[in-house]
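Trainee: I have a model open and would like to go through it with you. Can we start?

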Amino acid sequence: MEEDGGRGAAASPGASARFVRCLYAVGFLDLFGVSMVVPLMNLHIKSLGASPTVAGIIGSLYGIMQLFSSTFVGCWSDIVGRRYSLLTCILLSALGYFILGMSTTVYLFAISRVPVGIFKHTLSISKALLSDLVSERDRPLVMGRFNAASSVGFILGPVVGGYLTELKDGFYQTSFICASIFLLNAGLVWMLPWSEENTGNGKQKQGKKRTDSIRAKPNCDLQLKSVTNGTVAIDSPFQSPWVQIVTVLKRIKEIACSDLWDIFLVRLLMSVTILLYHSNFSLALEERFGVKPLFSGYLMSYSSSLGVLAGCLLGPITRLYQHNTYRLLLHSSTFTCTLILLYASALSMWMVILSSTFLAFSTTIGRTCIIDLELTIGGNEASGTLLGVGQSVTSVGRIIAPLLSGIAQEFSPCGPPSLAVALALVAILIMNVNKQKYCSSGNVKLKNQ
């Protein structure tokens, strides 16, 4: 692979398509395994004798580790290459879930969360790899399908986990099965046609062009400055850790000094917006309409299923918008804001169901578009770093949202969604103010056009 972290196109359209489909399977297995265990963790730590405060502290520490590690791991994947970093993250995550399967004390439970908190960034690295493999025009479609495949795993996982936990020592068995799924994922990543990808790099250097629905990404001018002078070659990932650390810090400095603050601010605001909408969903429906939590659960599952469908429809939608990611993001964010306002002012459950139905589409589209816009403006040279920073921004949103939700609920059950509408309006305003940055003659400035 090339020295930019192991990025490149597959040797042929068929090889590239197989590579991408395998990554869909990686995303599915990842969230399938995780969602088997995560819903059961609070019950397990309580059964170990932990107080709610201790359980909350352990959960917060996991979130803090994710907040700080996502940027560094994403940047590290740019330096040492996707294969090595993805395998490392999968195997260490498997170790964490294996320790979780042996956690008969609160101390072991806390230890099990450390490798997962630091290295559970497999989806971000997979998305960076997808970004390396496909053209910018195809990226929203491929990202949407990847998100859809992952969401299917997240929908099925809790059902299987709930069944397994009914068995004797069910939580421990579920944790071991989750670790085994991660090992299976590692094997799948190991068997991916990386050698064909190497061949593809050589052929691309010789000027051979490939065309397919999943096209190899051509060399592009980057808005972020390259730091290839400090880059570590993929064929020697075990070089001095200090060299890797220095290079990671250089990459992060490049992002910090770049003109991307508005994109990350929009991502933060929209993340908090969606989190506020979900924060007291079941409680608000019970207080406003007398709806039981069971019905709220069915409604959330219904919305999740529609989100999978929305991911599959991103291709036709982006073609309808002529691949103008900025305009699609602006419209989806505006639609999201309007639908949350409809939910906050709903007078009947039918209005809630209507808003939930279309929110599943607008939020899925918006989530994919903001990632695509980050990569388009930031450049492919630092795609792992950009996705890592984006994950850190989302983690900040997860920390802020519960506090804002609690304060807003002091005033009204409709307080959190009303605050979400205000934050979404600020995000829309920022996008409009910076319109010229993203657009030229009504089109997003794609580097390959």
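Trainee: What am I looking at, and how are residues numbered?
Mentor: This is a predicted model, in which local features need pLDDT of at least 70 and side-chain atom pairs count only at pLDDT 80 or more, while totals for chains, interfaces and linings use all residues. Residues are numbered from 1 along each chain as its sequence is written, and side-chain values use heavy atoms, with hydrogens and water left out.

Trainee: How many helices and strands are in the chain?
Mentor: The chain has 18 helices and two strands. These are DSSP runs numbered from the N terminus, with helices being H or I of at least four residues and strands E of at least two.

Trainee: And what share of the residues is buried?
Mentor: Of the 449 residues, 55% are buried. Buried means under 20% relative accessible area, exposed over 50%, and partly exposed in between, with a 1.4 Å probe and protein chains only.

Trainee: Where does UniProt put the feature "transmembrane region"?
Mentor: The unreviewed UniProt entry places it at residues 23-41, 53-72, 84-110, 146-165, 171-192, 260-279, 299-321 and 328-353. Positions are in the numbering used here, feature names are shortened, and annotations may be inferred rather than shown by experiment.

Trainee: What does the model show at residues 23-41 and at 260-279?
Mentor: Residues 23-41 are 100% helix and 0% strand, with end C-alpha atoms 27 Å apart. Residues 260-279 are 95% helix and 0% strand, and there the end C-alpha atoms are 28 Å apart.

Trainee: Switching to α5. How many of its residues are buried?
Mentor: 12 of the 12, so α5 is largely enclosed by the rest of the structure. The buried residues include I125 and K127.

Trainee: What span should helix α5 have?
Mentor: Helix α5 covers residues 122-133 and should span 16 Å at 1.5 Å a residue; its end C-alpha atoms are 17 Å apart, which agrees. The expected span is 1.5 Å times one less than the number of residues.

Trainee: What does I125 touch?
Mentor: Leaving aside neighbours within four places in sequence, I125 is in contact with V73, S77, R82, S85, L86 and C89, where contact means heavy atoms within 4.5 Å. I125 counts as buried because its relative accessibility is 2%. I125 and G388 are 263 residues apart in sequence but 8.4 Å apart in space, C-alpha to C-alpha.

Trainee: Which side chain does N147 join through a polar contact?
Mentor: That of K127, at 3.5 Å. A polar contact is a pair of N or O atoms within 3.5 Å; within protein, one must be able to donate a hydrogen and the other to accept it, and residues adjacent in sequence count only if both atoms are side-chain atoms. N147 is in helix α6, residues 139-164, and counts as buried at 13% relative accessibility.

Trainee: Which residues touch the most other members of the largest nonpolar core?
Mentor: V37, Y97, L285 and V352, in a core of 97 residues. Helix α1 (residues 13-47) gives the most to this core, with 14 residues. A nonpolar core is a set of buried Ala, Val, Leu, Ile, Met, Phe, Trp, Tyr and Cys residues joined through side-chain atoms within 4.5 Å.

Trainee: Last one: is K437 buried or partly exposed?
Mentor: K437 counts as partly exposed, at 23% relative accessibility. K437 touches D259, L260, D262 and I377, not counting residues up to four places away in sequence.
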